[in-house]
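Open the model in your viewer and keep the sequence panel beside it. This tour goes stop by stop, saying what to select and what is there.

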Amino acid sequence: MEGRDTNEHLLALKVMRLTRPTLCSPAIVTSDSKDLPGNLLNNDLKNDITSVPGIETLAAGQFLLLPQSFGNIYLGETFSSYICVHNYSSQVAKHVSVKADLQTSSQRIPLSGHQMESVAAELHPQDILDDIIHHEVREVGTHILVCEVNYMSPTQGQLTFRKFFKFQVLKPLDVKWKFYNAESDEVYLEAQVQNITTSPICLEKVSLESSHLFNVTALNTTMDEESVFGHVNVLQPQASRQFLYCLAPQASLTSDLRLLTGATNIGKLDIVWRSNLGERGRLQTSQLQRMAPDYGDIRLSIQELPNIIHLEEAFTFTCRIINAWKLYL
């Protein structure tokens, strides 16, 4: 992205998004040796410098391709940009400064230039003043990068110009959840995470940060403490993963039914993923709220029960009956 006004200003402003390259894959066109082209197409594919020797038909590339467009930016990723001010004139510009802000739908975020790091005393012809900015995007929707350049012209005095660069921040994941209240007062949370980006991502971490009212246990590992999804949890576009957590209330809650009923704040999900050659993204949900359990007038709960019961044999169990009617008075 570039902006300048040759009628008034000595300087030109250029803005470029910094993002990692992608793998350049060959175009897969093959034919059977009995067909009219014979092995011409197959040999041409083997000679393609972008294909990987031995697996030419798998569309696996071995060369990196520089980004050809601005690309997609997703919530939770880090937006990086290179800002450059170039003196393309034959005059010397003095006291040159560049400032960058990011305007969202709810706030204006200063990114550079506010601590005087992007200031040059003089900018001679063909010299540049540049800066690199980084910002973790935390809102979806329209974002506007506002760049302001100030300098002193030898003939026109103090001059200022601003340029605006608009881009969209998209939602990367669709997160849904369900709560199940057990008779033992434990709460089970089932969280579904769906990849709604246009490319595969790797879920690096999906954890539940519980509130101070509960102790959380993740139920997403095997007996060997390995993830049920494997060492590399790759999620294809539109694919989903289900995660299960058990939350046990603190002892102070179980002793008082009134406090247990009011314990609706569960916590929040923290999700970290990698995409496009290792680019990192992070997303946290808002505080998850469960529906307050309705115990009715009388509450019956099982305190002790054998794990194995034989047919037609008596067994002993312990239950607890609580008059919950006074709770609602």
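## Stop 1: a salt bridge at a hairpin

Select D101 and R108: their side chains meet in a salt bridge, 3.2 Å from N to O. A salt bridge here is a side-chain nitrogen of Lys or Arg within 4 Å of a carboxyl oxygen of Asp or Glu. This is a predicted model, in which local features need pLDDT of at least 70, side-chain atom pairs count only at pLDDT 80 or more, and totals for chains, interfaces and linings use all residues. Residues are numbered from 1 along each chain as its sequence is written, and side-chain values use heavy atoms, with hydrogens and water left out.

Buried or exposed, where does D101 stand? D101 is buried, at a relative accessible area of 7%. R108 is partly exposed, at 41%. The cut-offs: buried is under 20% relative accessible area, exposed is over 50%, and partly exposed is in between (1.4 Å probe, protein chains only).

Now show the strands as a cartoon. Helices (H or I, at least four residues) and strands (E, at least two) are DSSP runs, numbered from the N terminus. Strand β7 covers residues 93–103 and strand β8 covers residues 108–112; the two pair in the antiparallel sense over four bridges. Strands count as paired if DSSP finds at least two bridges between them. A hairpin of four residues joins β7 to β8. Pick D101 again: its bridge partner in β8 is P110.

Stay in β7 and select H95, which lies in this strand. H95 is not a glycine, yet its phi is positive, about 50 degrees. H95 counts as exposed, at 53% relative accessibility.

## Stop 2: a salt-bridge network

Searching the whole structure finds five salt bridges. Which residues are linked in a network? Select K205, D270 and R282.

Take K205 and D270 to begin with. Their side chains meet in a salt bridge at 3.1 Å, N to O. The pair links distant parts of the chain: K205 sits in strand β15 (residues 201–210) and D270 in strand β19 (residues 265–275), 65 residues apart. K205 is partly exposed, with a relative accessible area of 37%.

The side chains of R282 and D270 meet in a salt bridge at 3.0 Å, N to O. This pair also links distant parts of the chain, with R282 in strand β20 (residues 279–284) and D270 in β19, twelve residues apart. R282 is partly exposed, at 33%. D270 is buried, at 0%.

## Stop 3: the largest nonpolar core

Select L11, L13, V85, L145 and Y151. Of the 54 residues in the largest nonpolar core, these touch the most other members. Domain 1 (11–19 + 67–170) and domain 2 (173–289) both give residues to this core, so it lies between them. A nonpolar core is a set of buried Ala, Val, Leu, Ile, Met, Phe, Trp, Tyr and Cys residues joined through side-chain atoms within 4.5 Å. The domain bounds come from an automatic or database domain assignment. In soluble globular proteins, nonpolar side chains tend to be buried together.

Now color strand β2 (residues 11–17). β2 is mostly covered, with five of its seven residues buried. β2 pairs with strand β6 (residues 78–87) in the antiparallel sense over seven bridges. Zoom in on L13: its bridge partner in β6 is V85.

## Stop 4: the surface

Show the surface and select I302, L305, I309, F315 and F317. They make a nonpolar surface patch of about 460 Å². Patches are made of residues with over 30% relative accessible area and no salt bridge; like charges are joined within 9 Å, and nonpolar side chains (Val, Leu, Ile, Met, Phe, Trp, Tyr) within 5 Å. Accessible areas come from the Shrake-Rupley method with a 1.4 Å probe, and for residues only the protein chains shown count as cover. L305 is found in the loop between β22 (298–304) and β23 (318–323).

Move to G262 in helix α3 (residues 257–262). G262 counts as exposed, at 54% relative accessibility.

End at E225, in the loop between β16 (214–218) and β17 (234–235). E225 has a positive phi, near 60 degrees, in a residue other than glycine. E225 counts as exposed, at 64% relative accessibility.
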